[in-house]
Amino acid sequence: MHLRVALLAALTATASLAQTFTVAPIRAHMRFLASDSLEGRGTGTRGHRIAAEYVASQFEAMGAEPGANGSYFQDVPFLKTIAADESTLTLTPTGGAPVTLHYAQGFMSAGDPLRRETQLTGDVVYAGFGVTAPDQKYDNYAKLDTRGKIVAIFSGAPKSFPNEVRAHYSSSLNKAETAARHGAIGLITLTSPKDAAHYDWGRVVRQYRLGAMNWIEANGTPHGVAPSLSATLSLSDPSTAAFLTAAKLNPEDIYAAREEGKPRPMALPMRASAHLLTAREKVVSPNVVAIIRGTDPQLRNEYVVYSSHLDHLGITEPVNGDAINNGALDNASGIAATLEIARAFAADRPRRSILFVATTGEEKGLRGADYFANNPTVPLKSIVADINIDEILMLHKTRDLTPLGLDNSDLGDYAKKIAKAMNVELSPDPFPEEVIFVRSDQYPFVKQGVPAIYVGVGSKAVDPKVDMAAEMAKWMTTRYHSPSDDLSQPLDYEAALPLIEFNYRLGQAVANADARPRWKPNDFFGKTFGQSR
């Protein structure tokens, strides 16, 4: 069937099978999941396990099947690493005196997942964004000799890149892999004043102190860790300025060039020596997986996935006397939405099956979703799409929604039709510099070639007196990843309902269509990851 005909057929079915979503169950799920009793649902903690049991019980009550080989739980084996306070980083400019930075004061590191003690020494090379992007004819490493050296970079990627492509090349994992391919033995991420204003150093320290996690391969090795570059570090804003000055560079010039997307990579008159002491332990934490079985004899063997992360940060050092990071919007809201979408599908099953994955380890770098995408509980080729739900900013009602991945695959065509039917606008990402496309759980599915989309609330408030974009920016700098993301903050639960309905209709349209979604011709992600499907 031609895609346009398939779209019309699927959307007609969607309109006839509309479900009503209400505030009460959303608020009830969030009240439990974001309660102090769950202690912030940290990956591998008792609080997260209780949250997982709650979600599994909800799936069972609505008649969803266990989706992980007869269980609702896909246990993910992790190696957890935390650098010790005794860790140091010493910077020695050519002809100058060495300066030693201490852990949590001038630098942070997640430690080394391969070694309990690491001594890393080498010349330092500045590599701009640390990006090699042949498709964009851009390469920060083109004129650099980085073999056996320590590379210093900034986060992000050039603004000239298309948004989702910029997000891909901004991925910290991709940057570490790129540095390793170029022969680097260490990676230092620099922090500008603009970075620090957006995500203050205290928050950085609190999150690093929680530890990092890598899921463990069947052979016992941590996934995604290059043996030649297993340790990465981050400098604070003041340490970055001192580092650049010691390297005989003007920090303001370096920051400006970075903002313009035109950094000037160069070898620096500097050596660095990192001494890292790392505590390591094995931790197990579950993804929760459930299936609403489809009705079509053939298509029921294909799956539309809804992903949303169940974990949050857990307990950190106190902020204003509060140490529990409840994660009300990030992401009790998305789990609540997913449960109610599942309940709607259980009441009115579509042709394809719907697979729900409430992931663990998202706050550790999308680890749970990455584990599932690499170890799916159904055949990977049977997964036709991923719809991700994360951090519903129910601050004010909006007349628009913001889809990430709109133009990459046929999912965007469905989204546009549904938006028209619901009389909502679809707006571009108001904060492309946040590179959300690689910071939420759709990205591991994309890397496995699965068309994916993540729809967030919009930035155009229904109330003309509300500057929604400013409210969102304020929330990101004051409540995001802090204990104040709890149920005491002002919330408009009604504001979440259009997004929930939209995501439900989108999955229903895809699940009822004759044709599975495809990547758009010449799409970057389709060309990069989708060729094997």
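## Secondary structure and basis

The chain contains 16 helices and 21 strands, where helices (H or I, at least four residues) and strands (E, at least two) are DSSP runs numbered from the N terminus. This is a predicted model, in which local features need pLDDT of at least 70 and side-chain atom pairs count only at pLDDT 80 or more, while totals for chains, interfaces and linings use all residues. Residues are numbered from 1 along each chain as its sequence is written, and side-chain values use heavy atoms, with hydrogens and water left out.

## Dimensions and packing

For 533 residues a compact globule would have a radius of gyration near 24 Å, and the 23 Å of the chain agrees with this; the radius is taken over C-alpha atoms, and the globule rule is 2.2 Å times the number of residues to the power 0.38. The C-alpha trace spans about 75 × 55 × 50 Å along its principal axes.

Of the contacts (heavy atoms within 4.5 Å) with a separation of 6 or more, 83% are between residues 24 or more positions apart. Of the 533 residues, 61% count as buried, meaning under 20% relative accessible area, with exposed being over 50% and partly exposed in between (1.4 Å probe, protein chains only).

## Surface

The chain exposes about 20,500 Å², of which carbon and sulfur atoms supply 52%; accessible areas come from the Shrake-Rupley method with a 1.4 Å probe, and for residues only the protein chains shown count as cover.

## Gln-298

Gln-298 lies in the loop between β13 (266-292) and β14 (303-309), and is exposed, with a relative accessible area of 60%. The C-alpha atoms of Gln-298 and Arg-352 are separated by 8.4 Å, although the two residues are 54 residues apart along the chain.
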